[in-house]
Amino acid sequence: SDDATKKVQYCNVHNNTFDGSPLSYSRAFAMLGKTAGCVEYNTMAYNYAVNMTVNNEIGGDSNSVYYNVINGVRDTLTTGGAIGLSLEPAFGHGTGWCKGNKVLNNTVYNAQTAGIKITDYNDATDTIVAGNEIANNIAANCGLGLSITTHSGFVTRNTIKNNVFYKNGTT
């Protein structure tokens, strides 16, 4: 919404199972902020997501995503996005906000495009993707373990530490 008075704050989504296998379009979660303060202080923790078809998205301010397991993200709709965890601003608005979020101790495997991605997306004209922390995660058997892209926004000062990115060899 363009209405700055509408907010999503202090929501806790814990200990759930998300199964996208019967759906053609599915994601476990998305929290995206178009402006500072509109999506903040939310947590996604101890969840299990299986067979999703599009990115699980983290944006807004000071949100936390930890101890989740994501098994299988496939691009069945040619959306270009089969990413386990994607830090990004609100998509399709030209502006967006993704600042001070924490992605900690998650396990992502079998994501077709990337296990973890940081991006501003290609329609961005006034975006900030900064000060996010990505630490102690495992991304295994994904197209890419980690992807960082910028198109026309601002991706800066993000901390990426102590992660494991692994892909089985082929024979």
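Strands β16 and β20 (residues 144–148) run parallel and are joined by 4 bridges, with I116 standing opposite L146 in β20. All of this comes from a predicted model, where local features need pLDDT of at least 70, side-chain atom pairs count only at pLDDT 80 or more, and totals for chains, interfaces and linings use all residues. Residues are numbered from 1 along each chain as its sequence is written, and side-chain values use heavy atoms, with hydrogens and water left out.

A quick word on terms: strands (E, at least two residues) and helices (H or I, at least four residues) are DSSP runs numbered from the N terminus, and two strands pair if DSSP finds at least two bridges between them.

**Around β16**

- On another pairing of β16, strand β12 (residues 83–87) is joined to β16 by 4 bridges, and the two run parallel.
- In that pairing, L85 stands opposite I116 in β16.
- Strand β16 (residues 114–118) has 5 of its 5 residues buried, so the rest of the structure largely encloses it. Here, buried means under 20% relative accessible area, exposed means over 50%, and partly exposed is in between (1.4 Å probe, protein chains only).

**The six-stranded sheet**

- There's an open sheet of 6 strands with parallel pairing, in the order β3-β7-β11-β15-β19-β23.
- Its edge strands are β3 (17–19) and β23 (164–166), each of which pairs on one side only.
- Ignoring direction, neighbouring strands of this sheet are turned by 5° against each other on average; the axes are lines fitted to C-alpha atoms (for helices over the stretch in contact), and angles run from 0 to 180 degrees between N-to-C directions.
- Within the order sits the pair β11 (residues 69–73) and β15 (residues 107–111), parallel over 4 bridges.
- V73 stands opposite A111 in β15.
- As background, strands of a sheet pair through backbone hydrogen bonds, either parallel or antiparallel.

**Salt bridges**

- Searching the whole structure turns up 3 salt bridges, where the cut-off is a side-chain nitrogen of Lys or Arg within 4 Å of a carboxyl oxygen of Asp or Glu.
- R27 and E57 meet through their side chains at 3.1 Å, N to O.
- That pair links distant parts of the chain, 30 residues apart: R27 is in the loop between β3 and β4 (30–31), and E57 is in strand β8 (residues 57–58).
- R27 counts as partly exposed at 25% relative accessibility, whereas E57 counts as buried at 9%.
- E133 forms a salt bridge with K102, with the closest N and O atoms 3.1 Å apart.
- Since E133 lies in strand β18 (residues 133–135) and K102 in strand β14 (residues 102–104), this pair ties together parts that are 31 residues apart in sequence.
- K161 also forms a salt bridge with E133, the closest N and O atoms being 3.7 Å apart.
- This pair links distant parts of the chain too, with K161 in strand β22 (residues 159–161) and E133 in strand β18, 28 residues apart.
- Put together, K102, E133 and K161 are linked in a network of salt bridges.
- Both lysines are partly exposed: K102 has a relative accessible area of 36%, and K161 has 39%.

**A nonpolar patch**

- I138, V164 and Y166 make a nonpolar surface patch of about 280 Å².
- Patches are made of residues with over 30% relative accessible area and no salt bridge, joining like charges within 9 Å and nonpolar side chains (Val, Leu, Ile, Met, Phe, Trp, Tyr) within 5 Å.
- The accessible areas come from the Shrake-Rupley method with a 1.4 Å probe, and for residues only the protein chains shown count as cover.
- I138 lies in strand β19 (residues 138–140) and counts as partly exposed at 38% relative accessibility.
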